[in-house]
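Colleague: I am new to this structure and would like to learn how its features are read. Could you take me through it slowly?

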Amino acid sequence: MGGLTIGPVPTLSSDDAFAEVKAKVDLVKVVQEHVRLTKRNKDFWGLCPFHQEDSPSFKVNPQMQSWYCFGCERSGDVFTFVELIEKTDKRGALQLLAERAGVELKKLSPDQRERADLRKRVLDMLKLAAQYYEYVLWKTPAGEPGRRLLESRRVGEETARRFQLGYAPAGRGFAEYLRAKQRSLADAQEAGLMRRDGTDFFAERLVIPIRDERGQALAFTARTVRADEQRKYINSPETPSYIKGRVIFALDLARDEITRRGHAVLMEGQFDVITSHHFGVTNAVASSGTAMTDDQVRLLKRFTDELLLVFDSDRAGRAAMRKAATLAAAHGMRTRVVILPDAKDPDEFLRAAGPDAATRWEDLVARAASGFEAGMAEDSAGLNPSNPNQVELVAGRLRDWIRQFPEGLRDGYAEAAERHTGISRHLLLRDPEPAPIPRPTNGLAGRVAGKKLSAGSYLVQLLAVRPVAFERVRPMLTPQELDQSDRAIFVRMLESYERGGPSGLEAELAGYPPEEQDLIRRAWAAPPPNVDDEVAVELAERIRLDHMKGRHSGIIRELSEAERGRDLDVVARLEAEARELGRAIQEMERRG
Ligand SMILES: [Zn+2]
């Protein structure tokens, strides 16, 4: 949906409109069109659509008809939600919601009224065009080339009608139809259907409507029926109703099956999707004319957490597959990759399989490896482990591949790559080039992850080797912020330092519990990678941050409890505390 321009400050009479609309729409339903929500106690929770996150901190309260995100701290009612998600203003949100609730608005500014009208006229025009093209395809002699094309692709009428396929005849057929119906030709131009000279933009093409997830036609893509035509497919331009990269083709038809099967099948071409539905793969969709975008992944994530990628096996297809796999992973979605044996695309595979298509498809799905594994297999194909040059080359490729995924997945992926190739996971997680003086943050992160050394035990070892670093750490960190396992030894070492200065630890070590003596002696014998005050400060900050994050999730759990008990004072206190912590965490992460 297009954004509307900033309008006048809402007047008193428009307050009535806000109230009327608010009473007629349900915030939960509106949010659910954009976010997958799970009910917990009386609230609904989901992934915030306004900031990147892996675990839900976006809460909708159906009683209050309000929402709040503990991550980015945005909050509001149904109007603010629509404002943010549709990138419009308060008036625009009112307009969209009023349309939905069937409330008549009278106080729009002339400019807003005009834009809202235009958008509606464009949508009406697209609907009319789809009906006209479909009629031409099936009911007129002019539709013959379109019918022949479908026949050659073995797409039956039933499937074609589900997608509302149509045929645009040569010349000015659509313009004449509009004239006969006394409809505006200007609107058809706004909708991208007609050239200035009145000829049909899609003339002599099989026309495929691109519909949103609710089934409303927003644009067309069209395939030529002529062998001599250079451009096989052409697409609608962007219009007041259509923004490329926001729509998923066939999602309106596939959404139920996606939910039922737990995954969506993502293909490259619209025709692949049509054939797939014809052969019973009715959870197939396509990203429609662009490489996968963040908006599209977010849209799919409302329906499922898993994408099955079916891309061409050529170089471009493999690159698109990798991009989709990493983009999906960045949004917390899993991917698997279907490899088609002896076929260049799903269309060819399914048509060749004929009546066995459904069964053969199930076999492929069952065997599909994860998106990461598919890339790994490609990167390490033909590796000879006894050839050091080859090992170095493959290790480099795998390192790059692993790094494209979110940090939390990398250890596991390096392990899988080690099992698959025999190349050590440490080599696969190593930084690309050994920089002479690595920035403390990077060096530290790498080593801590590689050695599975927590920030707390790293700090304890560092302080054992360099007790004077307590001077820097002491004012930053309270023992309560450390994990329990590091706390006792930290406090004991701090006390020794306060009594005896830099040599206090050595003087008092004999009085420490044996396991702590052991740990300190080992640190002396094999110090941690970087021992200096800067690293100590950085570790202390990391420990504080981890502690704050833990406390933050704790509060959110307590909140659910308090809400169930309807203890409003506690809810208010916890919300304030969570907000403050959230802000402090953000602040630290920004600095960090
Ligand atoms: Zn948020």
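Modeller: We will look at a metal site and then at a pair of helices.

This is a predicted model, in which local features need pLDDT of at least 70 and side-chain atom pairs count only at pLDDT 80 or more, while totals for chains, interfaces and linings use all residues. Residues are numbered from 1 along each chain as its sequence is written, and side-chain values use heavy atoms, with hydrogens and water left out.

Colleague: Which residues are the protein donors of the zinc ion?

Modeller: Donors are N, O and S atoms within 2.8 Å of the metal (3.2 Å for Na, K and Ca), and since water is not among the atoms, sites may look incomplete. Here they are C48 (SG), H51 (ND1), C69 (SG) and C72 (SG), lying 2.1 to 2.3 Å from the zinc ion, and their spacing in sequence is C-x2-H-x17-C-x2-C.

Colleague: What arrangement do the four donor atoms make?

Modeller: Ideal angles are 109.5 degrees for four tetrahedral donors. Four donors count as tetrahedral if all angles lie between 85 and 135 degrees; around this zinc ion the angles are 100 to 118 degrees, so the arrangement is tetrahedral.

Colleague: Is C48 buried or exposed?

Modeller: Buried means under 20% relative accessible area, exposed over 50%, and partly exposed in between (1.4 Å probe, protein chains only). C48 is therefore buried at 6%, as is C72 at 16%, whereas H51, at 23%, is partly exposed.

Colleague: At what angle do helix α21 and helix α25 pack?

Modeller: Helices (H or I, at least four residues) are DSSP runs numbered from the N terminus, and axes are lines fitted to C-alpha atoms over the stretch in contact, with angles running from 0 to 180 degrees between N-to-C directions. Helix α21 (residues 455-465) and helix α25 (residues 514-525) pack at about 70 degrees, with their axes 9 Å apart, so α21 is roughly perpendicular to α25 (65 to 115 degrees).

Key:
Tetrahedral: all angles 85-135°; square planar, octahedral: opposite > 155°, others 65-115°. Helix = DSSP H or I, 4+ residues; strand = E, 2+ residues; numbered from the N terminus. Parallel < 35°, antiparallel > 145°, perpendicular 65-115°, else oblique.
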